[in-house]
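Welcome! Let's take a walk through this structure together, one step at a time.

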Amino acid sequence: WNICTTSNTPGECSMLLTSLPIHGDEARRVGAAYRLGRAAAAGQKIALVVLLRPLTNGQPSVEEQAARRAAVNGLQIVGSAAVPSLLDLLQQPSASIHTVASSADVIGECAMTSEEIVDAAQALHDAMTRLDQLIDADNNGGWPGRQVASSSEGGRWVVAPEVALVSCLLAMANLTTRVVSATSCLIIYVHLRPW
């Protein structure tokens with residue numbers, strides 16, 4: 001299990017990141033994700049690809065859920081290099097609820113420049129609109145009828161649209177902490193106002 005403490009290779013860290021979870025291995029898995037995040041921030045594109053892969057699985061298995069949790073931690077330190085891929089994930093109309101929630105968790109930490117913040121705010125707003133429509137359709141009438149946000153089903157966490165919506169709202173809040181212009185602030189406010 002020392003594989004990613006003695007090596008910087010994305011392949012070895014990827015193996016640890018995506019391996020079958022064993023009780024007590026979360027710290028090593030997250031360590032591998034951080035190492036991949038540092039490599040991606042330094043320009044290693046393969047490290048970014050490895051970290052993004054767990055976010056794209058629609059209904060993750062147990063090991064994919066562990067990889068997704070760790071990948072979110074690793075991606076949060078990548079910064080601007082991760083933003084274009086995260087925008088793509090958030091803007092896919094068919095993106096799974098899991099993908100939207102994880103992408104939102106990351107983009108709120110990665111978008112740094114005014115342009116990235118504005119693009120992220122728009123992508124998050126669009127994702128929130130899709131999630132809100134999905135929630136309304138599932139509950140025949142909206143917020144008053146909304147129920148539990150997530151549940152453990154067969155050992156896997158099933159993320160409801162409400163969880164992804166909250167992830168998007170938190171990402172918007174994170175973006176506001178880095179707003180560098182009044183225009184960016186106004187754009188975020190306009191996107192948040194319906195919620």
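Leaving aside its neighbours within four places in sequence, which residues is leucine 75 in contact with? They are Leu48, Leu51, Leu52, Leu55, Ala82, Val106 and Cys110, where contact means heavy atoms within 4.5 Å. Before going on, please note that this is a predicted model, in which local features need pLDDT of at least 70, side-chain atom pairs count only at pLDDT 80 or more, and totals for chains, interfaces and linings use all residues. Residues are numbered from 1 along each chain as its sequence is written, and side-chain values use heavy atoms, with hydrogens and water left out.

Leu75 and Leu124 touch the most other members of the largest nonpolar core, which has 52 residues. Such a core is a set of buried Ala, Val, Leu, Ile, Met, Phe, Trp, Tyr and Cys residues joined through side-chain atoms within 4.5 Å; buried means under 20% relative accessible area (1.4 Å probe, protein chains only). Among the elements giving two or more residues to this core are α1, α2 (26-41) and α4 (62-75), while α7 gives the largest share, 9 residues. Helices here are DSSP runs (H or I, at least four residues), numbered from the N terminus.

Now look at α1 (residues 10-18), where cysteine 13 is found. Cysteine 13 counts as buried because its relative accessible area is 1%. Residues of α1 that meet α2 include Cys13, Leu16 and Leu17, and their partners in α2 include Arg28, Ala32 and Leu36. Cysteine 13 and arginine 28 lie 15 residues apart in sequence and 9.6 Å apart in space, C-alpha to C-alpha.

Conventions. Buried < 20%, exposed > 50% of the residue type's maximum accessible area, 1.4 Å probe, protein only.
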